[in-house]
Number of protein chains: 2
Amino acid sequence: MKARIHVTLKNGVLDPQGKAIEHALGNMGFDGVEAARQGKYIELDLAAGTSKEAVDEMCRKLLANTVIENYSIELE
Amino acid sequence: MKARIHVTLKNGVLDPQGKAIEHALGNMGFDGVEAARQGKYIELDLAAGTSKEAVDEMCRKLLANTVIENYSIELE
């Protein structure tokens, strides 16, 4: 069983990594890039039967800083 | 138009961030975690009509280190 977790900065939080990507792509001649944001992508291999609530707790307690970050969980 | 890009380490490449997550979750009492891998998630806002080939080139030239990383692109 797998969990795919995306952790992204909330809107309005400054994203220096994203800005760096945006500027670098512009400098390299890619004109079409209007904005870039960078987040984290975490894949967990879980024992069968692990609940979504447990994964949610992992996100709140360790994986995301909920003051400035949002997270989303996909289980499969 | 948006591009969602996932950059993940290739299999067999050591992933210290993933290992740190795995151990931290174990120490916190989450028993069900068998493995963790961490990658990057990048969202680009693109001008309409930007081709997938252009985004692929951005990945190869800047966003991913193709020696050790894989990337996948979703356009929408």
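Trainee: Which residues does B:Glu22 touch, not counting residues up to four places away in sequence?

Mentor: This is a predicted model, and that should be kept in mind throughout. Apart from its sequence neighbours up to four places away, B:Glu22 touches B:Glu34, B:Ala35 and B:Ala36. The residue itself is found in helix 1 of chain B, which spans residues 16-27.

Trainee: Is B:Glu22 buried or exposed?

Mentor: The reading rests on the relative accessible area, with buried meaning under 20%. B:Glu22 has a value of 16%, so this residue counts as buried.

Trainee: How should I read the interface, and what area is buried between chain B and chain A?

Mentor: The size of an interface is often given as the accessible area lost when the parts come together. Between chain B and chain A the buried area is about 2600 Å², with carbon and sulfur atoms giving 71% of that figure. On the side of chain B, the residues that lose the most area to chain A are B:Phe30, B:Tyr41 and B:Leu62, which together account for 20% of what that side buries. Counted by contact, 30 residues of chain B meet 30 residues of chain A.

Trainee: What is B:Leu63 in contact with, leaving aside its neighbours within four places in sequence?

Mentor: B:Leu63, which lies in helix 2 of chain B, is in contact with A:Ile21 from the other chain, and with B:Ile5, B:Val7, B:Lys40, B:Ile42, B:Met58 and B:Glu69 from its own. The C-alpha atoms of B:Leu63 and B:Ile42 are separated by 8.6 Å, although the two residues are 21 apart along the chain. The relative accessible area of B:Leu63 is 5%, and the residue is therefore buried.

Trainee: How many disulfides are there over all chains?

Mentor: A disulfide is a covalent bond between the sulfur atoms of two cysteines. With a cut-off of 2.5 Å between cysteine sulfur atoms, the count over all chains is 0. As for the accessibility of cysteines, A:Cys59 is buried with a relative accessible area of 0%, and B:Cys59 is buried, its relative accessible area being 0%.

Technical notes: Residues numbered from 1 in each chain as written. Chains lettered and ligands numbered in written order. Predicted model: local features only at pLDDT ≥ 70, side-chain atom pairs only at ≥ 80, totals over all residues. Heavy atoms only, no water. Buried < 20%, exposed > 50% of the residue type's maximum accessible area, 1.4 Å probe, protein only. Contact = heavy atoms within 4.5 Å. Buried area = accessible area lost by both parts, 1.4 Å probe. Helix = DSSP H or I, 4+ residues; strand = E, 2+ residues; numbered from the N terminus.
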